[in-house]
Amino acid sequence: MKFKFIRQLLLMSQFAIIGFLVQCLTFTFLLASEVDAQKNQSIENIYLTLEMKEASIKDVFTTIEGKTSFSFAYKRSIIEKNKRISASFEQESLANLLRYISKNTGLSFKRVDETIQVNKNDSEGSFLEEFIDVLADVEISGKITDENGDGLPGASVVAKGTTTGTTTDLDGNYKLTVSEQSLITVSFVGYKTSEILVNNQSVVDVQMELDAQQLEDIVVVGYGTQKKTELTSAIVQIEGSMATKTPSVNLTNSLQGLLPGLNIVQTAASPGFSNPVINIRGSNTFRDNAALIVIDGVASADFEGLNRLNPNDIASISVLKDASAAIYGMQASGGVIVVTTKRGELSKTKVRITTSSSFQSPTRLPKLADALSFMKALNDKEVLDGLSPTYSDDDIAEFTSGRKTSTNWMKSYLDLPIYQGKYDITISGGTEEVKYFVSASTANQNSALVNDDKFKNDQNNIRTNLDFNLFEGLEMGLDLSFRSKTSRVNTYGTSAGLDLASNMNPTFEAFIDDDINLPTNGDAYWSPVAVSLSEGFQKWDTKIYNGKVNLKYLIPNTGGLYVSTFISKIHTSTFRKNLVTPYHYFGKDLITGEIQKIPSILAGTWTYGVHDYFDQNVRNTLHVQIGYDHLFNNAHSVTVFAAYQDMTFKSNNLYAGRTEYNTYAIPELFAGVADTDFFKNDGSSSNVATQTFFGRASYDYKKKYLLTFNFRADGSAIFAPSKRWGYFPGVSAGWLISEEEFMPKNIFSQVKLRASWGKLGNDRVNPFQFLSAYGITNGAVIDNANTQGLNELGSPNPDITWEVATSSDIGMEMSFLDNRLFLEFDYFKVLTENILAKKNFSVPDYTGIILPDQNIGTMKNQGFELQLGFRNRINKFSYKIAGNVATNKNEITFFDEVPNADPEVAAYQNLTGHALGSPLLLHAVGIYKTDDEALEGATYSQARAGFLKYEDKNGDGIINSNDRYRKNLNSELKYGFQFTANYAGFDLAMYFNGSYGDFWQFGNDFNITHGNNLQYVAENSFNLENPNAELPKSGQNSIGIASDFNMQTKSWFRFKTLNLGYTISDNKLLSKAHISKFRIYASADNFFMVFNNMDKYGAVDPELSSVLGAYPMMSTYNLGVDITF
Amino acid sequence: MEKIKNKSFLMFVSLITICICILNTSCEKDTLLDITPTDRFSEDVVFNDENLAQSLVYNTYESLRRLTNPAFGGYDGITDIMLWSRNISGYYPDPINFQDGFRDYIHGDISPDNVENFAGWGSYYTSIATINSYFEKIEGSTIDPDKIKIMNGEMRFIRAYLYFDLIRLYGGVPLVTTSFDFADEESLQIGRNTYDEVANFVVSESNLAIEELASAPEVMGKITPIAAKALKARMLLYMASPLNNPGNDMSKWSAAETATMAVLNSGKSLTLDYTQIPFKTNYQSDEIIFARAYNATSRIYQSDINFMLWPSFGGLGSNHMMPTQQFADMFQMADGQRITDEGSGYDPQKFWENRDPRFYSSIMYPGSGPFNFKYDDGTVQFRRQQNYESITDPTGVSWNTEPFVNPNYPDRNTGVRTFGFSMAWNFGSDGFTYADKVFGWPGKNAITRYNVLKFIDWNNIRWNTTSDVPQMQLFFRITEFYLNMAEIKIALGQEAEAKIYLDQVRARSGMPALTSSGVQLVEDYRKERAIELHLEDHRFFDILRWKIGSETIGQPIEGIVESFMDWSVLTHQLNEPGGAFGTLSFTFGSIANQYPRNWDDKLYRLPIPASEINRSGEKITQNEGYNR
């Protein structure tokens, strides 16, 4: 083991050295500097040539800065924006030059060492002073305060142009010795940097101003952070606070529509199971393409990804969309989401309490056919099928006369509104020695199902992030977190009941005498309410224990060399208890009025009794890193690291059950009958591991030319030893064009061009397919006893290896008008090779081979993303509006196809050349109005009046499977925009998002048992009175091959989130209660649909994957307070 | 200062060391990535462990097509004797929506594109490949050779049976006996073998299996030498049959005769009470040569016999298979006369009187019963008689239309009724009366007005998840070989001997000896076979090999199209004491709501799936009558 470790370190250093060499070779030419030391020379003796034509003052300063070693220090407000200077100087002294400018602009200049301070000129003519190494040192002190006037600890106070500086203490005070004419700069993350002239003052107090842009400045990239302006990759990031605007208990849902290229689809909504699908930039493989989620440096730390994290713990979420994800190598081909949790800061203890209480009600429910429409639709169908109609005139009269009323089963089974609550407390602060962030939160959600006290979800999250400054240069972090989720549902699970309810026959009553305790069995399948009244339930108890220790040692006297390491141990356990009991429904004798309780059975593969399942797994991650950060000559910035990581994942599971109970009073195993025939058990374990060497080298020249290399070598245990290692290099470069002289600074605040290229891996495939193996099954019953069976798991494929995606990205970032208007554009292309797929389509079935995955597929995916925003501040009113849009198109470039003897048919039926998710469909061109018409032209033997008419794609006069074509069902466009504003104490956030180009399809059948459908379908289906109907006859109306009929483009735009708050701070009354800040807010999630093209059909929320029955998407209305002590 | 720095470094190193040790508790493990999976067995282990190898063999048993596949009773539901109705959404059947494949077949729409809805293809070969691979890997095993011999016999029997099943569906198929290498793409493309080549393989493999299985323990459920003999005999009968023996080569019949005689002499005998054959209590019956048993663990859920065949009234049964009028008419009168015989005494309005005793244990007809019904949890029992109708509309659901002559139905306007009927329609509150209409709801189930009785266990509940309901899949029982022998003897022109075998089967049920001969004897034999072996997956294949598709599968299904209860003449003829019933009358005819039947002789062989032809590089040829 020891030897191994040393070898690994050696290997690591090799990577680092190679990276460094490559970088040096490429960029030595940039190291040459034209600037000599001008520190001790008078500006009278420094000559330069300058050509100014209608130049702004700022441009002139920038130009002079570029030609000399001086830098100008000034407040933006003193420079007249529209002032233009035109002049030409040939080898003129800098002093004269400044005098000329002073005279023409009303500015004064004071040269202090290498800084030229700019001020308003109160005197006539020009004003220029010069101080070189002659100034006396003075001691200054003061207090740095935040926007509320509270002391700001940890703010940095530096004399500009020097290395003299300090940071403020816990109360925001500082002391510093500087030369008397210094300009001091005060900076703190999240605030605008202030510059103040000392001017012989001994006390300098500064109140800092919040800077919206600054907040976004630091971006978390893989294994490090970078300034937004220095990014060379397509990485987008949001602050944790943005995610807290939505009162969702699922963090992922809160991110919807906020970031371009991050596609989140809320396909399910039931409490505890509302885990949305996350996908970055669409699909680039036909395998698992899920984004890799990294929490505080640990990949796949939580099996539920982001979903169940506490939003108040999140400092930032950044999304690595391009080759920058290659630093995460092995499962990064679907992009990487890096979550950073909050840490303690140098400050006094801050306690923050957040509460949120919400009510939820469905965004929309399906408009189901009522009894009359249903009966008519069913009768129409039967008449067309040549059957006698089910419902007689008398039956219909029951409803027209009002003796009976139609039942909307969906509404009957929902009890609204429902309640949701979230409570959160965080404590943070720190000293030089110890910094801490501690939080605890709880969230609970109830069910929308009537009478269902079983269906609920409770979550608890606890986190402690500690940072210790042990000795000089040695830092240690200790993060401990715990999360639990308890979700209970009734025996049938989450949405099956509502799915059924949406299909129930509306002529039946849902309850006897409208009593929700007396549910009927509807049309005799099973009643969700009856089930929820039974003793049976399913319960999942999930717990995740997460511990991480990290150490960083900044090696002294090396100018930035460090060694760091972390180990992380994550223990996940899930205990699931399933009590399955018979349930009862109710019947009433019409004559005697007697109500009877009728036993029924549970459908599905349920076995009565108690079933306990226990799964646990442990994920260990070890990380060692050596790195070097340094800024050479104030111009060449180098950041390098090399690292080693390994991960082991072990899981085991256990099942025990008893299937015979005399009573279900105690749903535990011991309470079952003693006969061991009814005992059941099972168990298994599995094991995987990965090993990784990786590193990165970044270089920039004056933050203008930027270059980054990264490299990763991943070994995965699931492949054969010779196919185990995958190598994933990446490179990216950026050019801050706005730093160039030729760029007019008055228009462009910032312009950056960047490009990236890299390879990313994916090993998400059934493990160990290189081995010939056998698994356990049920064998035959021999001599009245069960025997064990064993089945071959498939032919081994010794060649199976990594799937590799090559990602390229070109991006442009621009901001204008003093950073008020900003824009970011990305074009990307991903080519995926070696996609793991089975050759099921070309290998004949008679070979009987159970095929393994082979590295055979290739695929192309490309698209663009655009982000556009504007922010401004007018006195107390500040606002920001930002929008984003993303699209992608994928194309399969190789897919294993069924060989088709007819090349013409193969040409339009092969998946190769089409997008992933393009099924083969017949193209419906109309509806046969009469039986005679159904005999004309290209048709099929079953065709009759009311049946669908199809296009004869190959022109052979027969409609069959050869006439199917590929239809792309992917979403074309996803977009979102946000508006946030602050005025006085008020804050407002409005998020919108939408999608265009998904497809959905509704069925059009009606059946007597659980065969109801949409009212729209009932009213618009073909029947004898309505031969011009929009929809074909209900029921069988086709050849039995899927067609594109009823397939509609889904397009919607939602007002997703509204959040309005009011904050009181610095209030004397509150201060007495030690409250420094008090915010009260109201918010709404899934507020309303602005636009939904499915509206007329009356289907469910367009985001849900089903059309009729599903746990409804909820609108959440929320009230909460946020108190900081 | 230096000191502190050194301290920092030492601290750093020691902390790292501690961390690594916490993490890698398995420090002794040499390579992190060399993992032996703990959730599966490797090939070396399996083929050198007697028990694991046997497990592999027992798993392969499941590849024998169950009688519940593709429908309970196999393919009986598309023949003339049974009508299959598809269970469309779990509980109730719909007469018009046949299972897609069934519909396509009887309508003549079966094609290379859709044949896999009708019959398996790939699944057979997956099992065959497992067996081929077994034979390759068991070579050189360290397991006791005597044990291997028996396992080889079992595997050989299963592979032979799979080929037998394949060729009776498709005719000649590719005969694959060794493993393919998926990486060698060209080797994957092969052509078909002829019917006789595959059939001879089945025979020769059966011979080998008979030897290899000689020392196999004779426990039920296990493949025995008698099973292998039975497979060989049945294969030879199929080879001699008109479809596969167009020149009527008599040597083929003789070969079948010899093999069948070997089965008859194997020690099995006819069980006295044939109605008890299928039940678990008689599982170890002398009658059974090879059957697979199932219990709560190994069965396919909701494919239980009781679940599939119970008359559906309310939600309680699935009623997948309905006897037809054609079937009902096959039963002779108790005295051996055919119902069409002059003076047989057959009265269509009292068709149940004086019939073959097997009629009453095979067919549930209007007024029969009462039968026990238990709720699915076994808590409630009640008894029901088979249906009658109070209305004239044979298919309608409006059971309450005028005249409201049924005293048990409420008057719609007053709501008065004498029978307590719940608004939840699927239970009746009394224990001795009838279901509200045709057995089933809402009146579309038993569209022939008949339900099956064979295999249903009235002492048990319909189905549930835990109970050990009777489950047995019959593959071979001795009765078949008495009948086979009769068929062989007729073909060989030995009618008297044929009748000896037929009469033994008839005598068991109390039927008198047959007196017919010639064509009439053939017809009597075929009806006898249909009655004895119904729901055992024989009728369809018998029709094919006898080449009688057009007069059986090609004809519309008949049944009772109308049954009428005249309440003005009350009788007690059908009921339990205390009930009041009117007089039933019946109209017979062709069932209205059935899928049209178009027989074509190409249907004697199924088409080979089109994709298989394409994937074979066109080396596989299509059967006659189908496109490509």
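My entries on the charged pairs follow.

I am working from a predicted model, where local features need pLDDT of at least 70, side-chain atom pairs count only at pLDDT 80 or more, and totals for chains, interfaces and linings use all residues. Side-chain values use heavy atoms, with hydrogens and water left out.

**Total.** I looked up the salt bridges (a side-chain nitrogen of Lys or Arg within 4 Å of a carboxyl oxygen of Asp or Glu).

**Chain A pair.** I found Arg463(A) bridged to Asp313(A), with the closest N and O atoms 3.3 Å apart. Arg463(A) is in strand β26 (residues 456-471), and Asp313(A) is in the loop between β20 (298-299) and β21 (314-320), 150 residues apart. Strands (E, at least two residues) and helices (H or I, at least four) are DSSP runs, numbered from the N terminus. Both Arg463(A) and Asp313(A) are buried. Buried means under 20% relative accessible area, exposed over 50%, partly exposed in between (1.4 Å probe, protein chains only).

**Chain B, helix α7.** Glu212(B) pairs with Arg156(B), the closest N and O atoms being 2.8 Å apart. The bridge links helix α7 (residues 195-212) to helix α6 (residues 145-170), with the partners 56 residues apart. Glu212(B) is buried at 11% relative accessible area. Arg156(B) is buried too, at 12%.

I then checked Lys252(B) and Asp196(B), which meet in a salt bridge at 3.8 Å, N to O. Lys252(B) lies in helix α9 (residues 250-264) and Asp196(B) in helix α7, so this pair ties together parts 56 residues apart in sequence. Asp196(B) is partly exposed at 30%.

**Network.** I noted that salt bridges with shared partners join a set of chain B residues into one network, among them Glu287(B), Asp356(B), Arg358(B) and Lys454(B).

Definitions and conventions. Residues numbered from 1 in each chain as written. Chains lettered and ligands numbered in written order.
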